[in-house]
Amino acid sequence: MRETARNHRRRTGVAVVGALVLTGALTGACRSEPRPAAGGDTHPAAQSTRAGNGSPAPPPTGMFDEAGFQEDMRAAETTIDDFWRRHWDGLFTGSYRSPRVAGLYDGRDPRSAPPCGDERLKRDNAAYCPPGDYVAWDAHLMRSGYARGDAWVYLVIAHEWGHAVQARLRRGLVSPAAELQADCLAGAALYGSSADGTLEFEDGDERELVDAFQFIGDRAPWTKPGDHGSAAQRLRNFSRGGENGVRACFT
Ligand SMILES: [Zn+2]
């Protein structure tokens, strides 16, 4: 994906085609709220469904487009934030406030991971942190996913932004299946930005999105709050928002 000239300057890079098959323990899990003391919202099922034995392979040297990666993250943050700012008044009461973007952190160094409540963000994860009202993503998670295609960062960032949107709504509007609703909001924001002319889908983006959901879906379908749902459920909800817009995420 890329920002269009109408939104900001057009970037010249092209999507990084998935040159790498990830085989490791990348979870793509996110959490929407601070974890309770036990249990909570990491998603080992996402790991155990993957073949492989440990950490994802690093992107091959020389193939990773770091400048493009940084630019896509900036573009995703800007485009998604703009979408919600532009449409908020037509959808919800109150006014929109951007969450803070804490951005990349190194989850492999627990001391450097941002605190959220009384714990720190986890390795290979992405999060919206309600107490801090910020969004953040593990650098390894983002770079590993980006090596398969740039749509990854748009999806992860749009999903976490979906949680920030949920946090701005009255409780009754937030689905018990909050993770699936965040996927729906992500689809609504990305396809809505495309419809608004601020984001342009490139060849391969939709395939990358499908692949991303295959990768981050839970092994089991959604049954309780905190579950992300199966790949099929997640993709279905993302598509619902993408095809029918934000309101479809609240029906
Ligand atoms: Zn989530």
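A residue is called buried when its relative accessible area is under 20%, exposed when over 50%, and partly exposed in between (1.4 Å probe, protein chains only). The structure is a predicted model, in which local features need pLDDT of at least 70 and side-chain atom pairs count only at pLDDT 80 or more, while totals for chains, interfaces and linings use all residues. Residues are numbered from 1 along each chain as its sequence is written, and side-chain values use heavy atoms, with hydrogens and water left out.

The chain has a mean pLDDT (the predictor's confidence in each residue, from 0 to 100) of 81. A pLDDT of 70 or more is reached by 77% of its residues. Residues 8-29 have a pLDDT below 50. Beyond near neighbours in sequence, this stretch has 78 contacts in the model, a contact being heavy atoms within 4.5 Å. Residues 31-55 also have a pLDDT below 50. Their stretch makes 62 contacts beyond near neighbours in sequence.

Seven helices and eight strands make up the secondary structure of the chain. Helices (H or I, at least four residues) and strands (E, at least two) are DSSP runs, numbered from the N terminus. Of the 251 residues, 53% count as buried. Among contacts between residues at least 6 apart in sequence, 72% join residues at least 24 apart.

Helix H3 covers residues 139-146. Seven of its eight residues are buried, so H3 is largely enclosed by the rest of the structure. The buried residues are Ala139, His140, Leu141, Met142, Ser144, Gly145 and Tyr146.

Helix H2 spans residues 66-91. The axes of H2 and H3 come within 11 Å and cross at roughly 110°. Axes here are lines fitted to C-alpha atoms, for helices over the stretch in contact, with angles from 0 to 180 degrees between N-to-C directions. The two helices are therefore roughly perpendicular to each other. Angles of 65 to 115 degrees fall in that class; those under 35 count as roughly parallel, those over 145 as roughly antiparallel, and the rest as oblique. H2 contributes Glu66, Gly68, Phe69, Gln70, Asp72 and Met73 to the contact. H3 contributes Met142, Arg143 and Tyr146. By class, the contact has four nonpolar, two polar and three charged residues. Ala, Val, Leu, Ile, Met, Phe, Trp, Tyr, Cys and Pro count as nonpolar, Asp, Glu, Lys and Arg as charged, and the others, Gly among them, as polar.

Helix H4 has 17 residues, 151-167. From its first C-alpha to its last it reaches 25 Å, close to the 24 Å expected at 1.5 Å a residue. The expected span is 1.5 Å times one less than the number of residues. In H4, 16 of the 17 residues are buried, so this helix too is largely enclosed by the rest of the structure.

Most residues other than glycine have a negative phi. Asp124 has a positive phi, near 50°. Asp124 sits in the loop between strand S5 (119-120) and S6 and is buried, at 7% relative accessible area. Asp133 also has a positive phi near 50°. Its loop lies between S6 and S7, and Asp133 counts as buried at 16% relative accessibility.

Arg219 lies in the loop between helix H6 (205-216) and helix H7 (231-244). Arg219 is exposed, with a relative accessible area of 56%. Its C-alpha atom is 7.7 Å from that of Gly229, ten residues apart along the chain.
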